[in-house]
Amino acid sequence: MKIAILDDYFDTIRNLKCFEKLNGHDVTVWNDHVQDDDMLADRLAEAEALVLIRERTQIRAPLIERLPNLKLISQRSVYPHIDVEACTRQGVILSSSQHAGSPSYATAELTWGLILAAMRQIPQQMESLKAGNWQMGVGRTLRGRTLGIFGYGRIGKAVADYGRAFGMNVVIWASEASRERAREDGETVAESKQAFFSECDIISLHLRLYDTTRGIVTAGDLAQMKPDSVLVNTSRAPLIEEGALVAALRAGRPGMAAVDVYEQEPVRDTAHPLFSLPNVICTPHIGYVTEDEWEIQFSEIFDQILAYDEGNPINVINTEVLKA
C-alpha cells in the first residue's frame with residue numbers, strides 16, 4: 001500500500017521499532033506541518049492509507065473529496081479533526097482504537113510534572129537563577145492538599161493514584177455515570193460541581209472533547225476556585241469556555257494554571273495571551289510525546305493498516321463504509 005504519514009516534526013516514526021511493521025509498503029513521511037488543502041491534496045494524491053498524529057492536521061470534506069485513492073485513515077484517540085461523514089461518503093474507513101488497551105501514562109506523568117512545577121514555581125525559579133538572582137519566592141507542598149480530578153477515565157485514575165502517593169486528598173467530579181463508577185471504586189466524589197471547584201486546591205482536567213463536553217468548564221466555575229489554586233489542562237483546550245481561562249487568571253481565580261493544550265495548534269504566536277501571564281506554565285502539547293508512548297500508539301496504528309490490507313479492518317469508527 002501507499003502510506004502517507006503527516007506531521008512527524010522530528011522524524012521520529014521511522015526510528016521506532018514498530019515502524020518495521022510497514023516493511024514492504026510504500027511509506028512517505030512528512031516532517032513539516034501543512035494545513036493548506038491544495039498542498040495536502042498534492043502530497044496525498046497517491047496515498048491509499050493516511051496516518052495522522054493525533055489532531056495535528058484537520059482532515060475535512062474539501063480535502064477528502066480530492067483524494068480518490070484514499071481508502072483508510074488510521075490513528076489513535078478521538079477524532080474531532082476528521083470529517084467522518086465526508087469519509088463515509090467517499091468510502092474512506094476511519095480506524096481509531098481510542099486508547100482501548102491502556103491509558104496514556106505519558107500524559108498522566110506530564111500532568112504530574114506540571115502540578116509539581118506549578119506548586120514549586122520551578123520554571124520561575126529557574127529563570128530567576130539564570131538572570132543572576134537566587135530564590136524568587138516560596139513554593140507549596142502537595143501533602144494534605146486536595147486534588148480534584150475532573151473526568152473519571154483511565155488517565156484521570158492514574159493521576160489520582162499519583163496524588164494519593166503524594167499524600168493528597170483526591171476528589172472526583174465527572175458525568176453522573178462516571179461519578180457512580182468512582183463511588184463503586186471507593187473514590188470521594190464531590191457533592192456538586194460548585195463544591196468541587198470551590199474546595200479543591202488543584203484541579204486537573206481529564207475529559208475527552210465531545211459536543212457535550214465543549215465549554216464544560218465555565219467562567220463561573222473558574223470564579224469559584226481559590227485564589228491560590230491551580231488549574232491543569234493536559235486534555236483539550238475547548239473543554240474550557242473560550243476566553244474564560246485568561247480572564248480568570250487575570251482576575252486571580254484560579255491563582256495559577258499549567259496548560260499543555262490550546263484552541264488552535266500548533267501555536268507559533270509569541271503574543272498568545274497565556275504566554276504573557278506570569279502565573280501560567282505552558283508546554284507545547286507534549287503530553288503524549290514520548291518514545292515509549294509513540295511505540296504503543298503507532299504499533300496500534302500500523303496494526304490497523306495491516307488489518308485493512310489483509311481485508312479485515314479493525315477499530316472502524318464509520319462502520320457504514322463496510323456495508324457499502
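User: Which residue in β12 does V259 stand opposite?

Analyst: V259 stands opposite C282 in β12. Before going on, please note that this is a predicted model, in which local features need pLDDT of at least 70 and side-chain atom pairs count only at pLDDT 80 or more, while totals for chains, interfaces and linings use all residues. Residues are numbered from 1 along each chain as its sequence is written, and side-chain values use heavy atoms, with hydrogens and water left out.

User: How many bridges join β11 to β12, and what counts as a strand or a pair here?

Analyst: Strand β11, residues 256–259, is joined to β12 by 3 bridges, and the two run parallel. Strands (E, at least two residues) and helices (H or I, at least four residues) are DSSP runs numbered from the N terminus, and two strands pair if DSSP finds at least two bridges between them.

User: What sheet do they belong to?

Analyst: They belong to an open sheet of 7 strands, in the order β8-β7-β6-β9-β10-β11-β12, with parallel pairing. Its edge strands are β8 (188–189) and β12 (280–282), each of which pairs on one side only. Helix α6, residues 154–165, packs on this sheet and touches β6 (146–150) and β7 (169–173), where contact means heavy atoms within 4.5 Å. The direction of α6 makes about 175° with that of β6; axes here are lines fitted to C-alpha atoms, for helices over the stretch in contact, and angles run from 0 to 180 degrees between N-to-C directions.

User: Which residues of α6 are buried, and what covers them?

Analyst: The buried residues of α6 are G156, A158, V159, A160 and G163, with buried meaning under 20% relative accessible area, exposed over 50% and partly exposed in between, for a 1.4 Å probe and protein chains only. Their cover includes α4, β6 and β7. Just after α6, G167 takes a positive phi of about 80°.

User: Switching to rings, how many aromatic pairs are there?

Analyst: A search of the whole structure finds 11 aromatic pairs. Rings of Phe, Tyr and Trp (its six-membered ring) pair if their centres lie within 6.5 Å, and planes under 30 degrees apart count as stacked, over 60 as edge-to-face and the rest as tilted. One of the pairs is F19 with F302, which is edge-to-face at 6.2 Å centre to centre and 70° between the planes. This pair links distant parts of the chain, since F19 is in the loop between β1 (2–5) and β2 (26–29) and F302 is in helix α11 (residues 291–309), 283 residues apart. Both F19 and F302 are buried.

User: And why is the W112 and Y162 pair called edge-to-face?

Analyst: The ring centres of W112 and Y162 are 6.2 Å apart and their planes stand at 70°, so the pair is edge-to-face. This pair also links distant parts of the chain, with W112 in helix α4 (residues 105–119) and Y162 in helix α6, 50 residues apart. W112 is buried, with a relative accessible area of 6%, whereas Y162, at 22%, counts as partly exposed.

User: Which residues form an aromatic cluster with F19?

Analyst: F19 forms one aromatic cluster with Y288, W294, F298 and F302. R54 lies over the face of Y288, at 4.5 Å from the ring centre; a charge sits over a ring if NZ of Lys or CZ of Arg is within 6 Å of the ring centre and within 35 degrees of the ring normal. R56 lies over the face of Y9, at 4.0 Å from the ring centre.

User: Back to the strands, are the two faces of β4 covered or uncovered?

Analyst: Both faces of β4, residues 72–75, are covered, with L72 and S74 on one side and I73 and Q75 on the other, all of them buried. β4 pairs in the parallel sense with β3 (residues 49–51) over 3 bridges, and S74 is the bridge partner of V51. On β5 (residues 93–96), which runs parallel to β4 and is joined to it by 4 bridges, the bridge partner of S74 is S95.

User: Last one: where does L274 lie, and what is it in contact with?

Analyst: L274 lies in the loop between β11 and β12 and is buried, with a relative accessible area of 7%. Leaving aside neighbours within four places in sequence, L274 is in contact with L245, V246, L249, V259, Y262, V280 and C282. In helix α10 (residues 244–251), the residues A244, L245, V246, A248 and L249 are buried.
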